[in-house]
Amino acid sequence: MNLMNTKILPFATTAFKDGEFVEVTEKDVLGKWAIFFFYPADFTFVCPTELGDMADHYEELQQLGVEVFSVSTDTHFVHKAWHDASETIGKIKYYMLGDANGVITNNFQNMREGAGLADRATFLIDPEGTIQFMEVTCEGVGRNAAELMRKVKAAQYIAAHPGEVCPAKWEQEGETLKPGLDLVGKI
C-alpha cells in the first residue's frame, strides 16, 4: 500500500456532525488540510480513547485550517447513537463519516480483509487533495493526537517552505534542514 502523493478518490456519504446528518463528498475536502482518521468500529475499546483524544485537539486543528473526518464502516445512525451514549464520544465536534458500503475505506486501501472493518489508520490530505502523510497501526495500539499535531505542523511548514525539511522531533519554530551537497555525511 503506497498512497503517498496520490489524490483522494471520489466518495459520497452521510456523516454525523454537530447533532445533524450532513452529506460529505471528496469535494468538501479540497481547499483545506484534512485528516482522515480511520478506526475499526463504534462501541469498542481503543477507538473511543483515540477519538476522544482527537476531540481534545480539534479546536487547535481548526486554528491550523485542518478539518477532521473520522471514518468507520458503521452507519451515520450508529455514530449518532454512540455520540449520545458515550461521554467521551459526546464531546466530538468533527465529522463522523458513515462508510457502511466501504467505499471510503477501500479508496484508502484500508479495509481489513474478510472483516468488513477499517484498519486503524491516519491520512493527512493537503488542500489540493493529495495524501501527504499516512500511518497504519495494529488493532491494539492507539494513536496520539499530540504527535499527529506535530506532524501536521511539519507538513504545513514544508508545504510553505519548499527546499526545507523537518528533522526528527521537529517542533514548530524549531530548526529545519536544507538538503544539499554540503550536508552529506555531516548530520
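A salt bridge is a side-chain nitrogen of Lys or Arg within 4 Å of a carboxyl oxygen of Asp or Glu. The close-up views below show a predicted model.

**View 1. The salt bridge between lysine 17 and aspartate 18.** In this pair the closest N and O atoms are 3.1 Å apart, which places them within the 4 Å limit because a salt bridge is defined by that distance. Lysine 17 is buried, with a relative accessible area of 15%, whereas aspartate 18 is exposed at 51%. A search of the whole structure finds 13 salt bridges.

**View 2. Glutamate 139 and its arginine partners.** Glutamate 139 meets arginine 112 in a salt bridge with an N to O distance of 2.7 Å. This pair links distant parts of the chain, 27 residues apart: arginine 112 belongs to strand E6 (residues 111–112), and glutamate 139 to the loop between E9 and H5. A salt bridge also joins glutamate 139 to arginine 120, at 3.6 Å from N to O. Arginine 120 is in strand E8, so this second pair ties together parts 19 residues apart in sequence. Arginine 120 is buried, with a relative accessible area of 1%; arginine 112 is partly exposed at 23%, and glutamate 139 is partly exposed at 41%. Glu50, Arg112, Asp119, Arg120, Glu139 and Arg143 are linked in a network of salt bridges.

**View 3. The seven-stranded sheet.** The strands form an open, mixed sheet in the order E2-E1-E5-E4-E3-E8-E9. Strands E2 (20–25) and E9 (131–137) stand at the edges with a single partner strand each, so one side of each has no neighbour in the sheet. Neighbouring strands are turned by 25 degrees against each other on average, direction ignored. Within the sheet, E3 (residues 33–38) and E8 (residues 120–125) pair in the antiparallel sense over five bridges. Isoleucine 35 has leucine 124 of E8 as its bridge partner.

**View 4. Helix H5 on the sheet.** H5 lies across E3, E4 (66–72), E8 and E9, and runs at about 145 degrees to E3. At the start of H5, a side-chain oxygen of asparagine 144 comes within 2.8 Å of the backbone nitrogen of alanine 146. Buried residues of H5 include Leu148, Met149, Val152 and Ala155. Their cover includes helix H1 (46–63) as well as E3, E4, E8 and E9.

**View 5. Glutamine 156 in helix H5.** Glutamine 156 is found in H5 (residues 145–160) and is buried, with a relative accessible area of 17%. The side chain of glutamine 156 reaches the backbone oxygen of leucine 64 at 2.9 Å. Leaving aside neighbours within four places in sequence, glutamine 156 is in contact with Trp33, Leu64 and Val66.

Methods
Residues numbered from 1 in each chain as written. Predicted model: local features only at pLDDT ≥ 70, side-chain atom pairs only at ≥ 80, totals over all residues. Heavy atoms only, no water. Helix = DSSP H or I, 4+ residues; strand = E, 2+ residues; numbered from the N terminus. Buried < 20%, exposed > 50% of the residue type's maximum accessible area, 1.4 Å probe, protein only. Polar contact = N/O pair within 3.5 Å; in protein donor to acceptor, adjacent residues only side chain to side chain. Contact = heavy atoms within 4.5 Å. Pairing = 2+ DSSP bridges. Axes fitted to C-alpha atoms, helices over the stretch in contact; angles between N-to-C directions.
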